[in-house]
Amino acid sequence: MQHTPATNAANRLDRLPISKFHKTTLYAVAFAYFFEFADINTFAITAPVIREQWGADVNHVAYVTSLSFVGMFIGAVVAGGLADRLGRRRTLIATTFWYTAWSFACVFAWDIWSLGVFRVLTSAGLSAMTVVAVVYISELYPRAKRGKFQAYAIVIGICGTPVTNLIASAVVPMSDWSWRLVYLWGSIGVLFVFFVRKLEESPQWLESRGRHEEADVVLTRIEAGAAAQHGPLPAVQKPQPQPQNPVRRSGPGLLKDRKFLFPTILLSILWITQTIGFFGYSSWAPTLLAAEGVSVEDSIFYVALTTVGAPLGSFLAAMVTDRFERKWCLVVFGLIIAASGLLYGLTFTPVLIVVFGFLVNLFERGYTALAYAYSPELFDTRGRSLGTSIAYGLGRLSNAAGPLMIAGIYNGVGYEAVFIFIAGTWVLGALVLALFAPATRRRRLAAEAREKQDPVPAAS
């Protein structure tokens, strides 16, 4: 069999020191994350006011929230396919512009249904951008450090949630129309355009498409920048020969491959339980508190205070993600979230609402950062974008039923039962991970050991 020289993208990237390129990419993705997290809960924040102004009830809120998660599923799956076909960089740019454009459209909504349509389209973009960003970081950072930088991006990005909630707590009560400013704030993510020229395409994606020369050009540029900062680079592990005409089977055909199907099912369960568990809490907390007699202003303010824990949770994940086995970190974080969320639902004392809500946000954002790093590791480059997008998308699709279930539980059983249900989803996810999820830390350490033992001279 004839072979072309392998680009050896993964090995060349793995031995690079963190350079200006990595930091610029981090800031760009973190900026997109900031306004993604700023925008994702805007409907939950404004729903109590919208209910009053437009005469909507809890069921209307449930329908809009459910349809938004259908949009998230569609956006994630479409983005996964586009990222495989068009590239990680181009799809990241397109999806970021998409969600900011539709967030801006929400400013001009005239009733609950027009806002619902705009939120579905916004949500599709939010989910699409997240999937592509997760894969993008996974393929550009050294194996030993990608988990930490995945979490660092979220540490910065997640600040969008408390900042948005605090802004909303100030502007929503100002007038009958000022809730619209919350959606205007979410659309500022369009300023991502200033980062576009500094982003590189994933060399691993280029290599997987047989575009070795283009991959080599990108890698050489990245390496030159790193060498200028840090001096001569470490040697590269020997490349594996690549066939001249690589097999490019992708799309639904990958579902026939057990090595692709098993992690897709496993990660789908992870994201389904995470989505119902977290969005069941975050999307409904302001509305349910208000429905239980807490004033709209107080409910928004309490939730704003609890979300201060979110960036701290991502920072906590950055500290543990590459030092310990990610699988077991996810299990422990999930169980803590279940306990904290349950206690949140059993109290109406303001201080305890804030304390337990803070813990939910702290460990949930840590859980999400860990899951973002863990998910792409279970696939090779060929299936990484599609597998991650299907699992993430199914998680979001599951919450199309989640809000309706929560509304039914609330109306039929009561407030506390909602939080018992939410805690149960976290426990289920933790058990599945504990029993069936593969460990990945040993694989990362083995790759690092091979890098040290079997190098070849670095490209000049």
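This is a short chat about a predicted model and what its atoms show.

Reader: What kind of model is it, and how are residues numbered?
Author: The model is predicted, so local features need pLDDT of at least 70 and side-chain atom pairs count only at pLDDT 80 or more, while totals for chains, interfaces and linings use all residues. Residues are numbered from 1 along each chain as its sequence is written, and side-chain values use heavy atoms, with hydrogens and water left out.

Reader: What does the secondary structure come to?
Author: The protein has 21 helices and four strands. Helices (H or I, at least four residues) and strands (E, at least two) are DSSP runs, numbered from the N terminus.

Reader: How much of it is buried?
Author: Buried residues make up 58% of the 460 residues. Buried means under 20% relative accessible area, exposed over 50%, partly exposed in between (1.4 Å probe, protein chains only).

Reader: And the contacts, what share comes from residues 24 or more positions apart?
Author: They account for 86% of the contacts with a separation of 6 or more. Contact means heavy atoms within 4.5 Å.

Reader: Which residues touch the most others in the largest nonpolar core?
Author: Tyr-33 and Leu-270 do, out of 101 residues in that core. A nonpolar core is a set of buried Ala, Val, Leu, Ile, Met, Phe, Trp, Tyr and Cys residues joined through side-chain atoms within 4.5 Å. Leaving aside neighbours within four places in sequence, Leu-270 is in contact with Leu-330, Tyr-367, Ala-371, Tyr-374 and Leu-433.

Reader: What lies apart from that core?
Author: Another core, of 20 residues. Ala-47, Cys-106, Ala-109 and Phe-118 are among them.

Reader: Where is the kink in α3 centred?
Author: On Pro-48, with a kink of about 45°. The bend at a residue is the angle between axes fitted to the seven residues ending there and the seven starting there.

Reader: What span should α3 have?
Author: Its 13 residues (42-54) should span 18 Å, and the end C-alpha atoms are 17 Å apart, which agrees. The expected span is 1.5 Å times one less than the number of residues. Just after α3, Gly-55 takes a positive phi of about 65°.

Reader: What does Arg-119 touch?
Author: Arg-119 is found in helix α6 (residues 112-140). It is buried, at 2% relative accessible area. Neighbours within four places in sequence aside, Arg-119 is in contact with Asp-39, Ile-40, Thr-42, Phe-43, Ser-68, Cys-106, Leu-126 and Tyr-183.

Reader: New topic. How many aromatic pairs are there?
Author: A search of the whole structure finds 23. Rings of Phe, Tyr and Trp (its six-membered ring) pair if their centres lie within 6.5 Å; planes under 30 degrees apart count as stacked, over 60 as edge-to-face and the rest as tilted. One of the pairs is Phe-149 with Tyr-152, edge-to-face, 5.5 Å centre to centre and 85° between the planes.

Reader: Why are Phe-149 and Tyr-152 about one helical turn apart?
Author: Because they are three residues apart in helix α7 (residues 146-157). Phe-149 is buried at 10%, whereas Tyr-152 is partly exposed at 23%.

Reader: And how do Trp-179 and Tyr-183 pair?
Author: They are edge-to-face too, 6.0 Å centre to centre with 85° between the planes. Trp-179 is buried at 1% relative accessibility, and Tyr-183 is buried at 0%.

Reader: Which residues form the aromatic cluster?
Author: Phe-31, Phe-34, Phe-35, Trp-185, Phe-192 and Phe-195 form one.

Reader: Which ring does the charged end of Arg-365 sit over?
Author: The ring of Phe-278, 4.5 Å from its centre. A charge sits over a ring if NZ of Lys or CZ of Arg is within 6 Å of the ring centre and within 35 degrees of the ring normal.

Reader: Back to α7. Is Gly-147 buried or exposed?
Author: Gly-147 is in α7 and is buried, at 0% relative accessibility. Residues up to four places away not counted, Gly-147 touches Thr-321, Asp-322, Arg-326 and Ala-373.
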